[in-house]
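Visitor: I've got a model open on my screen and I'd like to learn how to read it. Could you walk me through a few features?

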Amino acid sequence: MKNFTKLLLTALVAVFSVNMFAEKIVLDLTNPTNPESWTWTEKNYWADTYNETDYTYWESQIFAFSHLIEGESYGGTFYDGFTVSKNASDANMAEEEGGWTANQWGCMAKGGIVSVEDGKPVFSADKPYIIAYYNSWNMVGESLDLMFNTGETYNAVGVYVTNHPWAYYNITEGGSPARKLDQEGDYFKIIATGMLDGSETNTAEFMLAEVKDGVLNVVKEWEWFDLSALGEVDNIYFTIDGSDKGMYGVNTAAYFCMDRLIVEGEIPTAVEEKKAEKSAEGAAYRIGSTIYSIAEGAQVYVYNLGGQLIINQTVNGGSITLPTAAPYYITKIVTESGVQTVR
């Protein structure tokens, strides 16, 4: 009996090994999906950074990055979230025309990552990377929110990060309202929080700067931020914390740069893909603010970025249009055959 059980377990393992395998998915910013290609300003940052209409999120491969979720750029002077740049400057722009606000497009590592060789990132001034701005006063949801446009869950692996020049020069030289970080215990860090089905999985932290034993250690190169502690997630959000705080939160400019994000997912083989295709026949899909091909009698639930239920209605077949002004990001369609998530 023991031998039979052992053989059975071995066979089951073999079946699952054949049908599913894990694959690392690496963010490649040279292949965006929404927009289909990048356009650049004369300062080499994404030309639609202040686009209030089309990009509450932008996407590359399976990844969807929050960008302007409040839908307001205040006349082309503000964004809250992630944008893309290939500006390789690591200079202090405080005294340049327009100051930091007009010149916030650089990276202390001087370019995006082309490859990783022997554990060391190889960068290029022509390679795009992500600039992340944390807006702690966002009223809609987390300003630095990463989702997956497949509706699937993934295991977090990690991402390369470095300091943004605005934060770097605040840390090393100060700049109103920020003071120089020169006191024992001073710090400036990123916090990543994993989410699964609306609940936190775990957090991970990365120190971008720290004063320890009287010495300021501050990141200038691409360094690996291990996110594996987050586990299985359906989205990740990032926040920034620091020791220099005022009445409005952290005084140090709340920016960092990131590139080459990696997650791991279970990828079906050809047999499993055929099953998935069959189950997806007639599935609802979204184009812009309209969701099409909704089954008759389906119950539709729409949530905003804060996880708040905005719409709860029965749809008698066809489509439903979401208000473009509202920052919706998850729609669940419930029918007798199951639940479908449309992002």
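Visitor: Which residue takes a positive phi in the hairpin of β12 and β13?

Guide: D213, with phi near 55°, and the hairpin has 2 residues between its strands. Before going on: this is a predicted model, where local features need pLDDT of at least 70, side-chain atom pairs count only at pLDDT 80 or more, and totals for chains, interfaces and linings use all residues. Residues are numbered from 1 along each chain as its sequence is written, and side-chain values use heavy atoms, leaving out hydrogens and water.

Visitor: How many bridges pair β12 with β13?

Guide: Strands are DSSP runs of E, at least two residues, numbered from the N terminus, and two of them pair if DSSP finds at least two bridges between them. Here β12 (residues 199-212) and β13 (residues 215-218) are antiparallel over 4 bridges. Across from V218 in β13 stands A209.

Visitor: How many disulfides are there?

Guide: A disulfide is a covalent bond between the sulfur atoms of two cysteines. The cut-off is a pair of sulfur atoms within 2.5 Å, and the whole structure has 0. For C107, the nearest cysteine sulfur belongs to C257, 4.1 Å away.

Visitor: Why don't C257 and C107 bond?

Guide: Because 4.1 Å between their sulfurs is too far for a bond. C107 is buried (under 20% relative accessible area), at 0%. C257 is buried too, also at 0%.

Visitor: What does F256 touch?

Guide: Contact means heavy atoms within 4.5 Å. Not counting residues up to four places away in sequence, F256 touches I130, L144, H164 and F238, among others.

Conventions: Buried means under 20% relative accessible area, exposed over 50%, partly exposed in between (1.4 Å probe, protein chains only).
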